[in-house]
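Morning, everyone. Please bring up the model on your screens, and we will walk through it piece by piece.

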Amino acid sequence: MSKPMLGLVLGGVLGVLDGLSALVSAPNDPAVKAGIVGIVFGSTVKGLITGVLIGWFAKKTQSLGLAIAFGLTVGLALAYLVCVMQKLGGMPPYYWQIMLPGGILGVIVGYATFNFRRPAPALSR
Amino acid sequence: MNLPDAAIARLRRLDDRPDFGGTRYDLLEEIGRGGMGIVFRAHDRDLDRDVAVKVTAWQTDSDAVRLRREARTLASLEHAGIVAVHEVGRLPDGRVFLVMALARGERLDAHAGRLPLADRLRAFDRICDTVAFAHARGVVHRDLKPANIMVGTFGQVMILDWGLAGGSEPGGTEGYMAPEPSTPQPDARVDVYALGAILRDLIDVSPWPDVSRSTIRPLRSIVARATSADPGARYADAAELAADVRRFADGQAVTAHRETAVERAGRLARVYRTPIALVLTYLAVRVLLLFWSS
């Protein structure tokens, strides 16, 4: 499995979970409950795109810091796009609820794809 | 006239000093003395470099045979961790001499005490790599101990004193010598025992504040297996021992230690502490957002 592929899979899985977690973080919002399918779908697509971009970057860089920073940036940027689309669609944009977890998931994918198939530390030859 | 003991000892040393007249070597100083011979630092006039010269203490046939055997063993093993042999010959007084590369550095026991545990294990890995090379060529050292291992300025290791390799006469050093009697064809597990004792010394030479006692437990199990009184229970050779130590250093389960569920959880938590922290951070953010929206 390549790093972009890992990013795609991980981003997709985390996107699904992140989308479903909207039911937990906004349990009393009827708009969330009504639109959960769209939220999960959107979150999954966001996760797939984020994941493949981060995985591609992780393949190019030798710096963990850069991979994490890129993941954070892409995660925040795509999450912001989702908020903008929500606002354009007449829904209230949940900036904090979408961007903050989105950024953290970008960091997780950046870390995981960077370390994927890297030689172990310490006594590696 | 009664001479002081120190003077007598000095006279004995001078008497032992071999005559290298007629060779290209100038003896500089004595740097070691063992049962079989004396080692001097000498200067090679032709190549303008310092070398180590080992000379048999006495003109006995058995010592001469062993020194020539050591020379042939060293000549057959070309490895960065094994001192290179340059020449073997006989002095006018009949003693055999062996000229080798001069190993510069510190003895392992003096060097290791200052290092964190991870660096000690790295040095041990290089030692095992060198011994495994010899084992792969059918050579068993039979006298591995910290005093026979030098560590250079850049962490390179050099294993010295291969005088017992290739032989079957009794020998070795207490504390590092396998308990089973010598056999005509000693196998690699004799060296595995010594390596296990060396690993034990590396662990205990000084405290390791960067590592907890529970983390070291698998390493202790590796030592126990390597130094088992039953040769059949030990690792088969240095390569197998090194592989298990490497697994420990890489945060993997080792074959010598049966983990409990708690130990396994602790090990995985140490290895994956960063992703676990990231996931916990994500969950904490979700919980905070939950309270915030409430």
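Chain B is divided into two domains: domain 1 spans 5-101, and domain 2 spans 106-258. Keep in mind that this is a predicted model. How far apart are the centres of the two domains of chain B? Taken over C-alpha atoms, the separation is 27 Å. The domains do touch. Domain 1 of chain B gives 13 residues to the contact, and domain 2 of chain B gives 17. Look at the domain 1 side of that contact. By class, six of its residues are nonpolar, four are polar and three are charged.

Now the sheets of chain B. Start with the five-stranded one. It is open, and its order is β1-β2-β3-β5-β4 in chain B. The pairing is antiparallel. Which strands sit at the edges? They are β1 (25-33) and β4 (85-90) of chain B, and each pairs on one side only. From one strand to the next, the twist averages 25 degrees.

Zoom in on one pair. Strand β3 (residues 49-56) of chain B and strand β5 (residues 96-101) of chain B run antiparallel, joined by five bridges. Pick out B:Val51: its bridge partner in β5(B) is B:Ala101. Then find helix α2 (residues 61-76) of chain B. It lies across β2 (37-44), β3, β4 and β5 of chain B. Its direction is at about 25 degrees to β5(B).

On to the other sheet. This one is open too, with three strands in the order β6-β7-β8 of chain B, and antiparallel pairing. Its edge strands are β6 (106-107) and β8 (157-159) of chain B. Three bridges hold the antiparallel pairing of strand β7 (residues 149-151) of chain B with β8(B). α4(B) touches β7 and β8 of chain B, and its direction makes about 40 degrees with that of β8(B).

Next, where do the chains meet? In total, 18 residues of chain B are in contact with 17 residues of chain A. On the chain B side, α4 (117-136), α7 (238-249) and α9 (273-293) each supply at least two residues. Which helix gives the largest share? That is α9(B), with 11 residues. By class, the chain B side has 10 nonpolar, three polar and five charged residues.

Last stop: the helices of chain A. Take helix α1 (residues 3-20) of chain A. Its axis comes within 10 Å of the axis of helix α6 (residues 95-115) of chain A, and the two cross at roughly 150 degrees. Angles over 145 degrees count as roughly antiparallel, so α1(A) is roughly antiparallel to α6(A). The crossing is right-handed. Residues in this contact include A:Leu6, A:Leu10 and A:Leu14 of α1(A), and A:Leu105, A:Ile108 and A:Val109 of α6(A). By class, the contact has eight nonpolar, three polar and two charged residues.

α1(A) also meets helix α4 (residues 36-60) of chain A. Here the axes come within 6 Å, again crossing at roughly 150 degrees. Therefore α1(A) and α4(A) are roughly antiparallel to each other. This crossing is right-handed. How do the residues of the contact of α1(A) with α4(A) divide by class? There are 15 nonpolar, 12 polar and four charged. That's my tour.

Note on methods:
Residues numbered from 1 in each chain as written. Chains lettered and ligands numbered in written order. Predicted model: local features only at pLDDT ≥ 70, side-chain atom pairs only at ≥ 80, totals over all residues. Contact = placed C-beta atoms within 7 Å. Helix = DSSP H or I, 4+ residues; strand = E, 2+ residues; numbered from the N terminus. Nonpolar A, V, L, I, M, F, W, Y, C, P; charged D, E, K, R; others polar. Axes fitted to C-alpha atoms, helices over the stretch in contact; angles between N-to-C directions. Parallel < 35°, antiparallel > 145°, perpendicular 65-115°, else oblique. Left-handed = near helix turned anticlockwise from the far one by under 90°. Domains from an automatic or database assignment. Pairing = 2+ DSSP bridges.
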